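Let us walk through this structure step by step. Keep the sequence and the 3D view side by side as you read.

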Amino acid sequence: MFEVTTDWYLTLSAILFSIGFFGMMIRKNALIMFMCIELMLNAVNLTFISASKHFGQIDGQIAVFFVLVVAAAEVVVGLAIIVSIFRKQSSASVDVLNVSRG
Amino acid sequence: MTGIIISLLIVPLFSALLVFMIPNSRKEIFRPIGIVFSLITLTQCFYLLFSDYGKTKFVILSNYKWIQSYGLEISLGISGMSTLLLLLTSLLVCVSLLSIGNEHAESKGFIGSLLALHFAINGVFISGDLISLFIFFEALLIPMYFLMGIWGGENRRYATIKFILYTVFGSVFIFIGTVYAAVISYGANGALAVDFDSLASLALTSSQSKTLFLLFTFGFLIKVPIFPLHTWLPDAHVEAPTAGSILLAGVLLKVGAYGILRVSIPFFTEGFLAYKNFVAVLSVIGIIYGAIVAIAQIDIKKLIAYSSVSHMGYVMLGISAGGYLSIEGAIIQMINHGITAGALFMLVGFLYERRHTRNISSFGGIKITMPRYAAIFLFTSFASIGLPGLNGFVGEFMILMGSFNSYKFLTSIAAFGVVLAAIYMLWAYQRIFTGPISNEKNESLKDLDIRETLSIVPLVLLMLFIGIYPSYIESFVIQEAGFISETIALFKDIK
Amino acid sequence: MILPRKSKYYVAAFALLGTLFSLAPLVIQWANYTSPIYAFENSFVVDKFSIILKGLFILITYLTFLLSINFIESDKYYQGEYYYLLLSSLLGALIVSSSRDLLTIFIGIELASTPMFLLSGWKKGDRKSNEGAIKFFLLGVLSASLILYGFSLLYGLSGKLVFSEISSHLLSASLANSPVVLLSAILVISGIGFKISVVPFHSWAPDTYEGAPLPVTAYLSVSSKATGFVALIILLTKVFAGSGSSWGIILVIISGLTMTLGNLVALQQNNPVRLLAYSSISQAGFILAPIAISGITGDYQDGIFASVTYLIIYAFMNLGAFLSVHLFSNYAGSTNFYEWGGVARKSPLAGVLTTVFFFSLAGIPPLGGWFAKFVVFRSLLGSANSIGIALGVVGAINAVIALVYYARISKVIWMDEPKSINEEKIFQFENPLKVVGVFTVLITFVSGIFPGIFSYLGEVSSIFFGN
C-alpha cells in the first residue's frame with residue numbers, strides 16, 4: 001500500500017489552487033468566481049494544516065483560523081456588493097458590467 | 001558680497017510675492033513696484049560689476065548644506081560673465097516693465113510672473129553647482145509658461161506647449177547628466193558633490209566625459225537654439241507677449257550658451273574636443289539658414305526670431321572654435337544680441353499695440369507719421385546687422401577673427417551671414433518705413449510717447465557705448481574667456 | 001455608527017479629532033526612541049521606519065476625511081459607516097507597517113483593503129460604481145489568495161511564521177534560490193502587484209477609480225498603494241532578501257512595463273480621473289524601480305530610501321491632484337477635461353494649485369516631484385549596473401511622455417477658450433478643501449526646496465534594515 005505522506009496533501013492543495021485560479025480566469029459569473037476563490041483559500045488552508053502536521057507545530061493551524069475569519073469577512077463584503085448589483089440588473093454575470101472601457 | 005548675491009534672489013522673489021499680495025483695487029501700483037525692485041537689483045549688479053568679482057572667472061562664494069546625508073550642497077558664486085548677464089537681465093526686466101501697455105501693466109499675474117522669471121534667471125547665473133543650476137533652469141519655465149500661455153497671441157496654446165516640451169525634453173538630458181555626474185563624484189569623493197569646484201577636480205574617463213558632454217550640451221543646445229532644434233523659437237516669439245519676447249530673446253537664449261560655457265566645456269573638455277566640429281557645422285548652418293529664412297518672413301516678429309537663430313549661431317561658432325578671442329567674442333555677442341534683440345522686440349511691440357498687426361505688408365511709409373520711432377528702429381537695425389561703431393559689430397568681428405584659424409572654410413561661409421543680415425533688416429525697414437503711406441490706418445499713428453522713449457533709450461545708448469568703447473566691456477570677460485580657452489588648450493596639450 | 005441620526009454631524013468631527021490625536025503617541029514614540037521595540041514574540045515592531053510610515057498613513061487619512069466632509073454631506077450617504085470603514089483601513093495600514101510575521105502582515109493587508117471594496121461601491125445607484133467595486137473586489141480577493149498561497153508555501157518550507165526565523169532558515173538550509181521559494185516570491189509579488197496596480201495587474205484600477213467617490217479614489221491611489229508598497233518592501237527585504245537577483249529581474253521588467261504602459265494609455269484619456277489612474281500606475285513604476293534594482297545589486301538600504309522618499313512625496317502631490325480634479329469637475333459638471341476651458345480664471349487659487357500639483361507630478365523643480373525623480377534616478381544610475389542604467393533610460397523617456405499629459409490639463413484650464421463657464425455659477429471651494437490644498441502644496445514645495453528633511457529617511461532605512 002502507498003503511504004500517504006505530506007507531499008500528497010501539498011500536491012492536492014496545489015491542484016485545488018490551480019483549479020480555483022483557472023476557474024477565476026475562465027468563468028464570468030460573479031458567484032462562480034467567488035466559489036473559485038473559496039477553493040483557492042481552502043487550498044491554502046490545506047497547505048497550512050498539512051505543513052503544521054508535518055512540523056508538529058500549532059502555528060499553521062492558528063494561521064488557518066485567521067484565514068477562515070478573513071475569508072468570512074470577505075464573503076460578507078463580496079455578497080453585499082453582488083446583491084447590490086443584482087438588485088439593479090438581475091444578473092450576476094460580469095459581462096453585463098461593461099459601462100467603462102479603456 | 002555673499003549678501004549681495006543672495007539678495008539677487010531674494011529681492012525679485014520678494015517683489016513677485018509683494019505684487020501677488022496687493023489687492024486688485026490698487027492695480028496702478030503694480031508696475032511702479034516692479035520697476036523699483038528691478039532697479040534695486042540693477043544697482044546691486046552694478047555694485048558687483050565694479051567689485052573684485054566683476055572681472056574674475058567663476059568663484060564660489062557661499063555653500064549651504066542642503067541634504068546632509070548625501071553631502072549635497074547648494075553653492076552660489078559669481079564671475080565676470082555672470083555679472084554682465086545679470087546686469088543685462090535686470091536692465092531688460094526694468095525696461096520691459098516700463099515699455100508694456102497698460103493692459104499688461106495692470107495685471108497682477110503678468111507683473112508677478114515677470115518678476116518670478118527675473119528671480120529664476122538670476123538663479124541660473126549665480127548657481128555654483130549642477131543641482132541648483134538645473135533647478136533654476138527648470139523653474140524659469142513656470143513663469144514663462146504663464147506669461148506665454150495666458151497673455152500670448154492667437155495661437156499661444158500650441159506655441160507654449162511646444163516651447164515647454166522642447167525645453168523639458170532637453171532638461172531631462174541635463175537631469176540625467178547631473179545625476180550621472182553626482183554618481184561619479186560619489187565614487188571619487190564619497191559625497192554627491194556637484195559644485196563646480198569638485199567637478200573641476202574630478203578625473204573623468206574618456207567615455208564618461210563624452211557621455212556627460214553630450215547629455216548636458218544637448219539640453220543646452222535646444223535652449224540656444226541651434227539648427228535643427230530651433231523650431232520652437234519662431235512660434236514662441238510670435239505668440240509671446242512683448243515683455244515675454246524681450247526676455248526670451250534677450251536672456252533665455254543666453255542661458256543655453258551660458259550653460260555650455262560654464263559646464264560643458266570646462267568640466268567635460270574631452271567630450272568638447274571630440275564633438276566641437278559637429279557643433280560648429282550646425283551653428284554655421286544655423287547662421288545661413290536663419291538669415292535666409294528671415295528674408296522670406298512677412299511677420300516682423302518672426303523675422304527677428306529667425307535673425308536670433310542666425311545671431312546665436314555666431315555665438316555657438318565662437319564657442320566651438322574654442323580660442324581665446326572667439327570665446328571672448330561669443331560672450332560679448334551674447335550680451336550684444338540680448339540688447340539689440342530685446343530692443344527690436346520692444347519696438348515691434350510698440351507698433352503692435354498701435355495697429356494690432358505685425359504683418360510687414362500692412363505698413364509702409366510710416367516714417368512720415370512716426371519719425372522718432374523710425375530713427376530708433378533704423379539705428380537698432382544697424383546695430384543688429386553689425387555696422388562698425390555699433391555693438392553688433394564688436395562681437396561678430398571677434399568671433400569671425402577668432403574662429404578663422406580653426407575653421408577657415410566654415411568661418412568664410414559664416415561671414416556671409418552678415419551680408420544676409422543687412423539684406424533682411426534693411427529690406428524690412430524699407431518696406432515698413434519708406435515710400436508713401438499705403439494703408440490709411442497708418443496715417444493717424446502716434447509717435448512714441450515719453451514712457452516708450454524712456455524705455456528704449458537706455459538700450460540705444462548701450463548699443464552706441466559698446467560700439468565705440470568695446471575694450472571696456474571686454475575688460476570684464478578677459479579673465480573668464482582666458483580661463484576657458486586655457487582649459488581647452490591645456491587639455492589639447494595633455495593629449 | 002452608534003450615534004443617533006441627528007448627531008451624525010459630529011461623526012466627522014470625532015473622526016478628524018481621533019485621527020489627529022492618534023498622531024500624538026507617534027510623536028512621543030519618536031521623541032523617546034532608542035532602539036526598535038518588539039512585541040508579540042517578534043511579530044510586531046516599533047522602529048523609526050514604521051513610525052514615519054504610520055505618520056504618513058495617518059496624515060493621508062486625515063486629509064481624506066477633510067476631502068470627504070462636504071462630499072458625504074451633500075449626497076446623503078451613510079456617514080458613520082463611511083468614517084468607520086476608512087478608519088478600519090487606516091488600522092490595517094498601520095498594522096502592515098509594523099508587522100514582522102506572515103499572519104500579522106496578511107491581516108494588515110486585508111484589513112486595509114476589505115473596507116475599500118465597500119467604499120469603492122459607495123455610490124449604490126451608480127452602475128459605474130458597482131462595476132468598479134465588483135472588479136476591485138474579485139481581483140482583490142484573488143490577490144489575497146495568491147499572497148496567502150505564497151505564505152503557505154513559505155510556511156511549508158520552513159515551519160516558521162516570523163520573518164527573521166524564516167529568512168535565517170532559508171539561508172541556513174541554502175534554500176534561498178530553490179524553485180519553491182521563487183514560486184512563493186512570484187505569488188507574493190503578483191498578489192501585492194494587484195494592490196499597487198502595476199502592469200499586468202492594473203486592469204481594475206481605472207474602472208474602480210472612476211466609479212468610486214472621489215475622496216475614496218484619492219485614498220485608494222495614495223494610501224492603499226502605499227500600504228501595498230510597504231508590505232512589498234517588508235516582505236522582499238525581510239523574507240526574500242536572499243533571492244534578490246531573481247525577483248529583482250522580474251520587478252525590473254514589471255517596473256519598466258508599468259511606467260511605459262501607464263503613460264501611453266494616460267496620453268489618450270480625456271477623463272481626468274482615468275488620467276490620474278493611469279498616471280498613478282506609471283508613478284508606481286517609478287516607485288518600484290529602486291527596489292527592483294536593489295534586489296539585483298543587494299544594496300537594499302539605498303533602494304528602500306529611494307522608494308519610500310518617492311512614495312511620501314507622491315502621496316501628497318497626488319492627493320492634491322485629486323483635490324483639483326474634484327474642484328473642477330464639480331464646477332464644470334463634466335468628466336471630460338477638454339471641456340474645462342479656462343475654468344482656472346474662475347478661481348485662480350484652484351488653478352494655481354492644480355498647476356503646482358501637475359507640474360510636480362511631472363517632476364519640474366522646485367516642486368517636490370523633482371527630488372523624488374532625483375533619488376530614483378540616482379539609485380538607478382548609482383547601481384553601476386547595466387540593467388539599472390537601462391531602466392533609468394526607460395524612466396527618462398517616460399518622464400518626458402508624462403509631461404505631455406500633465407501639461408495638457410493645466411493648459412486647458414488656463415488657456416483654452418471658456419466653454420462651460422457660467423458667470424452666475426459660484427465656484428465651490430469649501431474651507432476643509434482649502435486646508436487640504438494648502439497643506440499638500442506646502443509639503444510639495446518644502447520637499448522640493450528643502451529635501452534635506454528626507455535625509456532622516458536615509459538613516460531610518462538603515463535602521464530598518466539593520467534590525
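In chain C, 40 residues of domain 1 are in contact with 46 residues of domain 2. Two residues are in contact if their C-beta atoms, placed from the backbone, lie within 7 Å. This is a predicted model, in which local features need pLDDT of at least 70, side-chain atom pairs count only at pLDDT 80 or more, and totals for chains, interfaces and linings use all residues. Residues are numbered from 1 along each chain as its sequence is written, and chains are lettered from A and ligands numbered from 1 in the order in which they are written.

Where do domain 1 and domain 2 of chain C run? Domain 1 covers 1–230 and domain 2 covers 240–467. Such bounds come from an automatic or database domain assignment. The C-alpha centres of the two domains of chain C lie 20 Å apart.

Look at the side of domain 1 of chain C that touches domain 2 of chain C. Helices H3 (48–74), H7 (163–172), H8 (179–195), H9 (204–211) and H10 (214–238) of chain C each supply at least two residues to that side. Helices (H or I, at least four residues) and strands (E, at least two) are DSSP runs, numbered from the N terminus. H3(C) gives the most, with ten residues. By class, this side of domain 1 of chain C divides into 28 nonpolar, eight polar and four charged residues. Here Ala, Val, Leu, Ile, Met, Phe, Trp, Tyr, Cys and Pro count as nonpolar, Asp, Glu, Lys and Arg as charged, and the others, Gly among them, as polar.

Now turn to the chains. Two pairs of chains are in contact, and chains A and C share the most contacts. Chain A and chain B do not touch; their nearest C-alpha atoms are 26 Å apart.

Chain A has three helices and zero strands, in the pattern α-α-α along the sequence. Of its 102 residues, 31% count as buried. A residue is buried if 20 or more other C-beta atoms lie within 10 Å of its own, exposed if 12 or fewer, and partly exposed in between, with C-beta atoms placed from the backbone.

How does chain C meet chain A? 31 residues of chain C are in contact with 36 residues of chain A. H5 (102–120), H6 (127–158) and H9 of chain C each give two or more residues to the chain C side. H6(C) has the largest share, 17 residues. That side of chain C has 16 nonpolar, seven polar and eight charged residues.

Chain B meets chain C too. 27 residues of chain B are in contact with 24 residues of chain C. Strand E1 (59–67) and helices H6 (130–139), H7 (141–151) and H8 (156–189) of chain B each supply at least two residues to the chain B side. H8(B) gives the most, with 14 residues. That side of chain B divides into 21 nonpolar, three polar and three charged residues.

Finally, find two helices within chain B. The axes of H15 (residues 324–355) and H17 (residues 391–404) of chain B come within 8 Å and cross at roughly 155 degrees. Axes are lines fitted to C-alpha atoms, for helices over the stretch in contact, and angles run from 0 to 180 degrees between N-to-C directions. H15(B) is therefore roughly antiparallel to H17(B). Angles under 35 degrees count as roughly parallel, over 145 as roughly antiparallel, 65 to 115 as roughly perpendicular and the rest as oblique.
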